[in-house]
Amino acid sequence: MHDDKNTETYRAIARKLAEDFAPRAAEWDQARTYCWPNVADLTAAGLMGMTIPKRYGGGGASYFDACVVIEEIARACTLSARIVVEANMGGIAAIMAYGSEDQKAFAAELVLTGDKPAICITEPEAGSAATEMRTTARRDGNRYILNGVKHWITGGGVSKLHVIFARVENEDGQFEGIGAFIVHYDPAAGVTPAGFSIAGRQRTLGLCGMPEAELRFDNLLVEDRFALVPPSGFKRGFADLMTAYNSQRVGAGTVALGVAAGALAHATRYMKERQQFGRPIAEFQGLQWMLADMDIGVHASRLMLHEAARALGPLGFPDMVMAARAKTFATETAIKVVSDALQMFGARGYGDQEPLERMYRDVRMFTIGGGTAQILKTLVAGARLGIKTPQTRDGYLRLAEKG
Ligand SMILES: Cc1cc2nc3c(=O)[nH]c(=O)nc-3n(C[C@H](O)[C@H](O)[C@H](O)COP(=O)(O)OP(=O)(O)OC[C@H]3O[C@@H](n4cnc5c(N)ncnc54)[C@H](O)[C@@H]3O)c2cc1C
């Protein structure tokens, strides 16, 4: 059971953990292994499931508090920060919002004992066009039969709790909407559902300690009590589930912010230490202005992310446009900030005696995963224009026909 904690207590806990995590951050990256000892520490500190409501044993903390924690940890270890995001936002948030009492209790117990849930949406033929997913969940009496392939699933192979999105079909094969299904997979505990397999692992540029896996479902049976049905039913299911995902976008943006803030701190230190032309490089105005731009970008990102984390819509999740705006700005800014920080270190930044090269690789993914920057900008533009900007070839024609 979590204790009551306020924001500053959370910040202090996260700062201490970040200090502990920093020395081994490169090790997980180089060995491409999941940071299990850090997960144990995050669990003991009450950060895994800090946003789970207290009545399910969680900390009852806000998304804002989670953002404070995520930023602190991301300054030192991107991998650990990402785990905190998924243990508090995204899949677990959707279950806590829309799940049955049994589903909530089940999911909470897994996360509170150290599980980072996996959210399974993307498929080889359905990336940005997520609604074109082909995985099906066909009704069969009191269960569903799942068939399909998901790829780029973060944590596949280490996660126990899976929230799998699929096209729901009735017993006659008619499409009913996109829904989500909760699947438990834990081979170490002998939980290996037939028809569920980890088919492969993607080799990545950064965040190398986190497995990105391909999952296959071959007649995977899921009892209907594990179907995650938002109050509006399967018809609007995808929209409601994606609303829950706004929390994940704010979390992912905050990891990028933390990496940028960490890189900025390293650059500030090094500018004072490094001497060239007989003086500290901090005395060169060319670098001072770079540093100022980095500082401004980090500060603006933090304001936007905190605004999104605090301004919750009627379903209790960050507003979609605010989340899209903040994630896009923070992630694009972070890539630039980390790149500039590396530049300030010269050759030393390019080598592995400093953490910059790892941070540079880690941060690159955040304009891709969780909705690309282009897709999120499309969403922001649609909000400004007051239309749901269609992306298919005939979409604008249909919009015009409607008047
Ligand atoms: C490290 C990492 C972790 C991930 N984790 C998960 C996970 O846990 N679960 C999960 O389900 N998915 C995950 N993903 C997948 C991620 O959500 C997708 O990569 C993303 O949605 C984009 O899909 P895609 O890669 O197929 O690119 P595509 O959709 O093929 O896009 C290719 C390019 O075209 C652009 N583009 C596409 N459509 C448009 C458009 N309409 N307008 C303008 N530009 C467009 C894109 O922005 C991109 O630049 C992860 C990805 C990465 C890299």
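Reader: Which residues is Gly370 in contact with, leaving aside its neighbours within four places in sequence?
Author: Gln248, Arg249 and Ala252. Bear in mind that this is a predicted model.

Reader: Where does Gly370 lie?
Author: Gly370 is in the loop between α12 (356–363) and α13.

Reader: Is Gly370 buried or exposed?
Author: Buried, because 24 other C-beta atoms lie within 10 Å of Gly370 and the cut-off for buried is 20 or more.

Reader: Ligand next. How many residues surround it, and which are the closest?
Author: There are 20 residues around the ligand, and the closest are Ile121, Gly127, Ser128, Thr154 and Thr372.

Reader: Which helices and strands each supply at least two residues of that shell?
Author: β1 (118–120), β3 (143–154) and α13 (373–385).

Reader: What is the shell like by class?
Author: It has 11 polar residues, eight nonpolar and one charged.

Reader: Back to β3. Which way do β3 and β7 run, and how many bridges join them?
Author: They run antiparallel, joined by nine bridges. Ile145, for instance, stands opposite Leu221 in β7.

Reader: And β6 with β7?
Author: Those two are also antiparallel, with five bridges. Arg201 has Ala213 in β7 as its bridge partner.

Reader: What about the loop between β6 and β7, where Thr204 is placed?
Author: That loop links β6 (196–201) and β7 (212–223). Thr204 has 17 C-beta neighbours inside 10 Å, so it counts as partly exposed. The C-alpha atoms of Thr204 and Tyr63 are separated by 29 Å, and the two residues are 141 apart along the chain.

Reader: Where is Trp152, and is it buried or exposed?
Author: Trp152 is in strand β3. It counts as buried, because it has 20 C-beta neighbours inside 10 Å.

Reader: What is phi for Arg32?
Author: Near 55°, again a positive value in a residue other than glycine. Arg32 is in the loop between α2 (25–31) and α3 (36–44). With 14 other C-beta atoms within 10 Å, Arg32 is partly exposed.

Reader: Now the core. How many residues are in the largest nonpolar core, and which have the most contacts inside it?
Author: It has 126 residues, and those with the most contacts are Ile73, Phe181, Ala260, Ala334 and Val338. Helix α8 (residues 237–273) gives the largest share, 18 residues. In soluble globular proteins, nonpolar side chains tend to be buried together.

Reader: Take Phe181. What is it in contact with, apart from its neighbours within four places in sequence?
Author: Ala137, Tyr144, Leu146, Ile164, Ala166, Val222, Phe226, Ala227 and Leu228.

Reader: Last one. Why is helix α6 described as largely enclosed by the rest of the structure?
Author: Because seven of the eight residues of α6 (residues 91–98) are buried. The buried ones are Gly91, Ile92, Ala93, Ala94, Ile95, Met96 and Tyr98.

Methods:
Residues are numbered from 1 along each chain as its sequence is written. This is a predicted model: local features need pLDDT of at least 70, side-chain atom pairs count only at pLDDT 80 or more; totals for chains, interfaces and linings use all residues. A nonpolar core is a set of buried Ala, Val, Leu, Ile, Met, Phe, Trp, Tyr and Cys residues joined through C-beta atoms within 7 Å. A residue is buried if 20 or more other C-beta atoms lie within 10 Å of its own, exposed if 12 or fewer, and partly exposed in between; C-beta atoms are placed from the backbone. Helices (H or I, at least four residues) and strands (E, at least two) are DSSP runs, numbered from the N terminus. Two residues are in contact if their C-beta atoms, placed from the backbone, lie within 7 Å. A residue is near a molecule or strand if its C-beta atom, placed from the backbone, lies within 6 Å of it. Ala, Val, Leu, Ile, Met, Phe, Trp, Tyr, Cys and Pro count as nonpolar, Asp, Glu, Lys and Arg as charged, and the others, Gly among them, as polar. Two strands pair if DSSP finds at least two bridges between them.
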